[in-house]
Amino acid sequence: MRFLDRAFFNAQYFHGLTESAENRVRALALLWDFCPSSPETVKKYGGQLCPAERLNGTCYADNWLENLLVSSSMNGVEHDPQNPL
């Protein structure tokens with residue numbers, strides 16, 4: 001929550017449209033999920049580097065930005081075969 005509070009304070013909170021405020025919150029949530037955690041947190045979770053990796057159980061690349069791109073493009077999702085009926 002401190003991360004969000006600092007980011008909103010630096011951006012002068014929610015000036016402008018509601019849609020732009022929502023986009024800002026979504027962008028900050030994505031950054032928070034994919035940025036590497038501290039070394040203590042990585043040790044605690046057995047080497048998993050970020051919250052998204054802990055949720056997915058998969059690390060697609062060593063670079064956190066590549067992980068964000070792959071996860072957001074849905075390339076990491078296995079699609080179930082469609083029912084032929």
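Predicted model: local features only at pLDDT ≥ 70, side-chain atom pairs only at ≥ 80, totals over all residues.
Okay, so let's start with Glu-22 and Arg-26, which form a salt bridge. Their closest N and O atoms are 3.1 Å apart. In general, side chains of opposite charge can pair when their charged atoms come close. Now, where do these two sit relative to each other? They're both in helix H2, four residues apart, so about one helical turn separates Glu-22 from Arg-26.

The mean pLDDT of the protein is 78, with 86% of residues reaching 70 or more. Among the elements, helix H3, residues 39–44, has the highest mean pLDDT, at 88. Helix H1, residues 2–10, has the lowest, at 77.

Right, back to H2, and who packs against it. Take H1 to begin with. H1 and H2 pack at an angle of about 135°, and their axes are 11 Å apart. That angle makes H1 oblique to H2. The crossing of this pair is right-handed. Which residues make the contact? From H1 we have Phe-3, Leu-4, Ala-7 and Phe-8, and from H2 we have Arg-24, Val-25, Leu-28 and Trp-32. Sort those by class and you get seven nonpolar residues, one charged and no polar.

Next up is H5. Helix H2 covers residues 18–34 and helix H5 covers residues 64–73, and they pack at an angle of about 125° with their axes 9 Å apart. Parallel or oblique? With that angle, H2 and H5 are oblique to each other. H2 passes H5 in a right-handed crossing. On the H2 side, the contact uses Leu-30, Leu-31 and Phe-34. On the H5 side, look for Trp-64, Asn-67, Leu-68 and Ser-71. The residues of this contact split into five nonpolar and two polar, with no charged ones.

Key. Residues numbered from 1 in each chain as written. Heavy atoms only, no water. pLDDT = per-residue confidence, 0-100. Helix = DSSP H or I, 4+ residues; strand = E, 2+ residues; numbered from the N terminus. Axes fitted to C-alpha atoms, helices over the stretch in contact; angles between N-to-C directions. Parallel < 35°, antiparallel > 145°, perpendicular 65-115°, else oblique. Left-handed = near helix turned anticlockwise from the far one by under 90°. Contact = heavy atoms within 4.5 Å. Nonpolar A, V, L, I, M, F, W, Y, C, P; charged D, E, K, R; others polar. Salt bridge = Lys/Arg side-chain N within 4 Å of Asp/Glu carboxyl O.
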